[in-house]
Amino acid sequence: MALKPVCECSICSHLSELQCGFQVRGREEQDTFLPESAKQLKTVKELKYDHRQVIQQCAECGTYYRLFSEYEFIIGGSNDEQILTRLTDDEAHWSIENPNQAPK
Ligand SMILES: [Zn+2]
């Protein structure tokens, strides 16, 4: 159960259901980033089936998120990508209890 509605949370009210960030070295003027609020989420579980993914939780309202982050090295530069997805409590609890399995 969420402690308070997402829209009233000082952290989550700045985060939508899906947030993306993408940075390319040498093309910084087009870079996008996750909102600052995303940095306030706490990692509660690292998923074993995919090292790029962690479950995060908002300390203020208890809402769960899945953060996917990938660093890709390419010739002449690199790509960084982050995807933050809001989870339901059921989805988050399942992933926390089954860190070795991809969600169905
Ligand atoms: Zn929140």
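In what order do the 5 strands of the open sheet stand?

1. In this predicted model, the strands of the open sheet follow the order E1-E5-E4-E3-E2, and their pairing is antiparallel. Strand E1 (18-24) and strand E2 (42-46) take the edge positions with a single partner strand each, so one side of each is left without a neighbour in the sheet. Direction ignored, neighbouring strands of this sheet are turned against each other by 25 degrees on average.

2. Strand E4 (residues 64-74) and E5 run antiparallel and are joined by 11 bridges, one of the pairs being Phe68 with its bridge partner Ile83 in E5. E4 and E5 form a hairpin with 2 residues between them, and Gly76 in the turn has a positive phi of about 85 degrees.

3. The largest nonpolar core has 12 residues, among them Cys9, Cys12, Leu15, Leu41, Ile55, Tyr64, Tyr65 and Leu84. As a general background, nonpolar side chains tend to be buried together in soluble globular proteins.

4. Tyr65, a member of that core, deserves a separate remark. Leaving aside residues up to four places away in sequence, Tyr65 touches Leu41, Gln56, Leu84, Thr85, Arg86 and Leu87; of these contacts, Leu41 and Leu84 are also listed in the core.

Note on methods:
Residues are numbered from 1 along each chain as its sequence is written. This is a predicted model: local features need pLDDT of at least 70, side-chain atom pairs count only at pLDDT 80 or more; totals for chains, interfaces and linings use all residues. A nonpolar core is a set of buried Ala, Val, Leu, Ile, Met, Phe, Trp, Tyr and Cys residues joined through C-beta atoms within 7 Å. A residue is buried if 20 or more other C-beta atoms lie within 10 Å of its own, exposed if 12 or fewer, and partly exposed in between; C-beta atoms are placed from the backbone. Two residues are in contact if their C-beta atoms, placed from the backbone, lie within 7 Å. Two strands pair if DSSP finds at least two bridges between them. Helices (H or I, at least four residues) and strands (E, at least two) are DSSP runs, numbered from the N terminus. Axes are lines fitted to C-alpha atoms, for helices over the stretch in contact, and angles run from 0 to 180 degrees between N-to-C directions.
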